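Thanks for coming. Please look at the sequence and the structure on the screen, and I will walk through a few places in them.

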Amino acid sequence: MATSNPSTQCFTCQEQTTTYPCPGCSKHFCLTDLIKHREELKSQFHEIEHQRNEFVQMLNDQQKTETIPNNHPAIIQINLSEQKSIQKIQQTAQEQRQFVQQSIHGYLPQIQTQFNDFTQQIQQINKKKDFNEKVLEKLQIQLEQIQQQIQQPNNIEIKQDSSSTFIQKLSIQIIHSPDQTNLYHRHQLKSNIRWKFDGQTIAGGNGQGNKLNQLCSPRAICVDHQQQQIYIADIHNHRILKWKLGKNNGQILAGGNGQGNRIDQLSYPTDVILDENKKSLIICDCGNRRVVRWSLQNPNGDKEILIENIQCDGLMMNENGDLFVCDLENHAVKRWRKGEIGEGVIVAGGNGRGNELNQLNEPTYIFIDREETVYVSDRENNRVMKWLKGENEGIIVAGGQGRENSLNQLSCPEGLVVNEVGDIYIADSWNNRVMCWPLGSEEGRVVVGGNDWVKGFNQLKHPTGLTFDVENNLYVADFGNNRIQRFLVDKNSK
């Protein structure tokens, strides 16, 4: 037993009595508490011994079964990685399923045309009663071919990406027949297209001003492919210009009567589009908090207010004539069906300013696909969101990594176009570049610009609007340089 110390205080009971030191913790205990203390130590020792025996048993079991328990840290980490991979695979698969559905729906009008022609043949043959084996055989083959296009479309090709050693990614390609026409607001851009780095100034570029050969901070553009002309939202001149390609001057089509709220005036127009019949322009008259229509057939007479009391920034019309508008003040995207009036229906955001998945922060440009999926440039969150129809939350499909200039970052994104494959083209405004963000990619590539912000042919200064023509040439509203640039497809690139 340890040597006693007369008349000292016990650590446990605090009594002044004869105590004995514990050699382990150097505390002093009376005899009774010392015995209890040693019993506690003995119990702790037995617990360690018990754990040791359990470990021996587990070690023996593992040597027999060669199985690691599920609660092993490495197994837990693998399980978490598996869950994340499954979620990513499911998300990618859902996007690809949606893309195939969109492509099939887009191909239906052509199938319908073929079926109508087939029906006419049937009617004519039935009318003439001209039946024979060859005619019937030909009809049977035609019908089977039309049926096969619905059940097994030959314009959809699915390949596995053999470059991935862990998860094989499916590559879906839509093969367009030569006679298939371009669909409204769709761009048949492939991921491997490259553009020449030097652009051509096709409008403006003569300094900041309000003459017909000048622009003052062009915000948005719209290309009329058939007429070989573009429409420009010349924001600080409060007007919309029509500019024939190859000409040195533009023509005022809307506004140009000074800043104001009369029906013949505009105030800071931020976007302009052609309606579905190409008979009028629809304009975001942001400063007047309204969306207006100006006739192209009678520009001096026919004008109307379509939507009031909305601080609109960007808008788009789908092939059904439904109008989608960015409500900058309420951080939302709203939809008006063709002919609808009223407040509109929120299809993205609308939950206050913020960076959660159900929020937006100053949405600017939008793109709508056939399934009414909303793509929106979430400017102050430095990201592009994808909002499936009817969903309460969006998906980050580009940026969202802070406001910098790395390839996985954006800085105040603006103009936005999405091709049939799902690749996203973005005017990365404050990085002075246009980027392509391939479907499912965690970073983009620079398409044009990104070379400082002066007026060189390969440079941009705060690009905003962008679009493409039928030959896939790229048009950019070079906001800070007061000009419109066209970048031709580089047919020599690989």
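Before I count anything, a word on terms: helices here are DSSP runs of H or I with at least four residues, strands are DSSP runs of E with at least two, and both are numbered from the N terminus. With that in hand, the protein has three helices and 29 strands. Keep in mind that this is a predicted model.

Some overall figures next. Of the 494 residues in the protein, 43% are buried. Now take the contacts between residues at least 6 apart in sequence: 46% of them join residues at least 24 apart.

Let us start with the aromatic rings. How many aromatic pairs does the count come to? The count comes to four. One of them joins phenylalanine 11 and phenylalanine 29, and because the ring centres are 5.9 Å apart and the planes stand at 75°, the pair is edge-to-face. Phenylalanine 11 sits in the loop between strand S1 (5–9) and strand S2 (16–21), while phenylalanine 29 belongs to strand S3 (residues 28–29), so the pair ties together parts 18 residues apart in sequence.

A second pair to look at is tryptophan 195 with phenylalanine 468, which is tilted: the centres are 5.7 Å apart, with 45° between the planes. Tryptophan 195 is in the loop between strand S5 (169–174) and S6, and phenylalanine 468 is in strand S27 (residues 463–468), so this pair ties together parts that are 273 residues apart in sequence. Tryptophan 195 and phenylalanine 468 are both buried. Together with Tyr425, Trp195 and Phe468 form one aromatic cluster.

Now to helix H1. Histidine 37 is in helix H1, and because its relative accessibility is 15%, histidine 37 counts as buried. Setting aside residues up to four places away in sequence, histidine 37 touches Cys22, Cys25 and Phe29. That is the phenylalanine 29 that pairs with phenylalanine 11.

Methionine 58 also has its place in helix H1, which covers residues 31–65. Its relative accessibility is 35%, so methionine 58 counts as partly exposed. What makes up the nonpolar surface patch of about 270 Å²? Phe55, Met58 and Leu59 make it.

Next, the loop between S6 and S7. Glutamine 214 lies in this loop, between strand S6 (200–204) and strand S7 (218–224). With a relative accessible area of 12%, glutamine 214 is buried, because the cut-off for buried is under 20%. Its contacts, leaving aside neighbours within four places in sequence, include Asn206, Gly207, Asp234, Arg239 and Trp243. Serine 217 is in the loop between S6 and S7 as well. Serine 217 is not a glycine, yet it has a positive phi of about 60°. It is buried, with a relative accessible area of 8%.

There is another positive phi to point out. Asparagine 382 is a residue other than glycine, and its phi is near 55°. Where is asparagine 382 found? Asparagine 382 is in the loop between S20 and strand S21 (383–387). At 7% relative accessibility, asparagine 382 counts as buried.

Aspartate 378 lies in strand S20, residues 374–378. Its relative accessibility is 0%, so aspartate 378 counts as buried. Which residues is aspartate 378 in contact with, leaving aside its neighbours within four places in sequence? They are Gln359, Leu360, Asn361, Glu362, Arg383, Met385 and Pro413. For asparagine 361 there is a specific distance: its backbone nitrogen lies 2.6 Å from a polar atom of the aspartate 378 side chain. Finally, aspartate 378 and cysteine 412 are 34 residues apart in sequence, and the distance between them in space is 7.8 Å, C-alpha to C-alpha.

That is my list. Thank you.

Technical notes: Residues are numbered from 1 along each chain as its sequence is written. This is a predicted model: local features need pLDDT of at least 70, side-chain atom pairs count only at pLDDT 80 or more; totals for chains, interfaces and linings use all residues. Side-chain values use heavy atoms; hydrogens and water are left out. Buried means under 20% relative accessible area, exposed over 50%, partly exposed in between (1.4 Å probe, protein chains only). Contact means heavy atoms within 4.5 Å. A polar contact is a pair of N or O atoms within 3.5 Å; within protein, one must be able to donate a hydrogen and the other to accept it, and residues adjacent in sequence count only if both atoms are side-chain atoms. Patches are made of residues with over 30% relative accessible area and no salt bridge: like charges are joined within 9 Å, nonpolar side chains (Val, Leu, Ile, Met, Phe, Trp, Tyr) within 5 Å. Accessible areas come from the Shrake-Rupley method with a 1.4 Å probe; for residues, only the protein chains shown count as cover. A salt bridge is a side-chain nitrogen of Lys or Arg within 4 Å of a carboxyl oxygen of Asp or Glu. Rings of Phe, Tyr and Trp (its six-membered ring) pair if their centres lie within 6.5 Å; planes under 30 degrees apart count as stacked, over 60 as edge-to-face and the rest as tilted.
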